[in-house]
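Trainee: I am new to this complex, and I would like to understand the terms used for it. Could we go through them one at a time?

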Amino acid sequence: MEGRPPEEEDLVARAQRGDVDAYEQLVRAYQRIAFRIAFLLSGNASDAEEAAQDGFVKAYCALARFRRGSPFRPWLLQIVANEAHNRRRSAGRRENLVLRTAAESRPGDAAPSPEAALLAAEGRATLLEVVNGLREEERDVIVLRFFLELSEAETAAALGIPAGTAKSRLARGLERLRAQMEAVDA
Amino acid sequence: MPELEGALRELGRELVFPETPALAPAVAARLRTPRPARRRLLLVALAALALALLAALAVPSARTAILELFRLDGATIRRVDRLPPVPPRAALRLGELVSLAQARQRVPFPVLVPQELGEPDGVYLLGEVVSLLYGDEDDVRLLLTEFRGSSTPEFVKKAAAGATSIQRVVVGGEPGYWIEGAPHSVLFLDAGGRLREDRPRLAGNVLLLQRRGLLVRLEADVSRDEAVRIAGSLR
């Protein structure tokens, strides 16, 4: 479904020559992750959709600046993330992130991981609340890195910050989370 | 502490995200040339052509002649110091690819072809605007745009950068302008009253001329004399 298309390099090359069909395939491959990034950064679905769409259009116009052979996904996601980020500043409203209820639990998930077992549903809700309470710059790296499971490098690229900055924000965010979870538990 | 990281990952998998909208078709639709109404197209094309003249309009000696040529007397000129960034590869959006014969059938004016260059590699029709392209869309060598110049944009707002040079030239006894230098851009209001922007199609210089009621824009990376010679062979 979603993922790096095997012929990505070829698609990028064709899109750079103005082939909209090829670009459409690239968008299809990355629209889900792009939309989710935009959703987490902008905070609501309509801004996210707009940001993702505008981001994809801008990326197309900027394709000439994309260096062939370098990873396409982070380059693309950065443009979308930037759009989403800009929308957040002006909007300032954030939809609550919603957790699946037990009834909606994914099928075929009979054997929960040990980490999941550690956290009851209640625990998850608390953790989510604590994450949402983080300072924005720490929250952003945490949600991209862990909720969307981007690599550290992609997280940094998406947020347009140096890898070292992403790393230290991540460490600070985790530390704060840990402290707050302990405070909740106590 | 890997437990916390694992718990965060697990939490992410339990989040309910809004359904991903169908972005791919929406994006593709925006990138493909829309087919707006004829009238607006003409206005857009006129504005595109006019943009080449904007800087010139600030030059007193050229102003009168250009205003006369384009009947833009009602236009408001606005100079901007800083132009918006020009995307390196804006889509050309020349319209529908047709044959030269089809173009001749469908527009109410004689389509002029520079005899010096022979038949163009592509003929495009956008409303009543004809574009003759030499080279191909990915590698344009020369672009000629022709349309009737008797229409006047109802109103045009423009933005021009200062550094462009403009020279009057005479081509086949009719007036023309050779425009080179800084890129120019135009802001204008379309038929729907929306503020839009247009930019020159190519990075080369522009020769603009009037031929028998037609406005012809020649864009190419050629010298002035060469452009004038090519334009002089329009039949």
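Trainee: What makes residues of chain A and chain B count as in contact, and how many are there?

Mentor: Two residues are in contact if their C-beta atoms, placed from the backbone, lie within 7 Å, and in this predicted model 43 residues of chain A are in contact with 32 residues of chain B. The largest share of the side of chain A that touches chain B comes from H2(A), with ten residues. Helices (H or I, at least four residues) and strands (E, at least two) are DSSP runs, numbered from the N terminus. Residues are numbered from 1 along each chain as its sequence is written, while chains are lettered from A and ligands numbered from 1 in the order in which they are written. Because the model is predicted, local features need pLDDT of at least 70 and side-chain atom pairs count only at pLDDT 80 or more, whereas totals for chains, interfaces and linings use all residues.

Trainee: Why is H2(A) called mostly covered?

Mentor: A residue is buried if 20 or more other C-beta atoms lie within 10 Å of its own, exposed if 12 or fewer, and partly exposed in between, with C-beta atoms placed from the backbone; 17 of the 23 residues of H2(A) are buried, so the helix is called mostly covered.

Trainee: How do you know that H2(A) bends, and where?

Mentor: The bend at a residue is the angle between axes fitted to the seven residues ending there and the seven starting there, and at Tyr30(A) this angle is about 55°. Just after H2(A), Gly43(A) takes a positive phi of about 95°.

Trainee: What makes S4(B) and S5(B) a pair?

Mentor: Two strands pair if DSSP finds at least two bridges between them; five bridges join S4(B), residues 122–126, to S5(B), residues 129–136, so these antiparallel strands are a pair. Leu125(B) stands opposite Val130(B) in S5(B), and in the hairpin, which has two residues between the strands, Gly127(B) takes a positive phi near 60°.

Trainee: Which parts of chain B have the lowest and highest confidence?

Mentor: In pLDDT, the predictor's confidence in each residue from 0 to 100, strand S2(B) is lowest at a mean of 28 and helix H2(B) is highest at 91. Over residues 60–89 of chain B the pLDDT is below 50. Where pLDDT is low, the predicted coordinates should not be read in detail.
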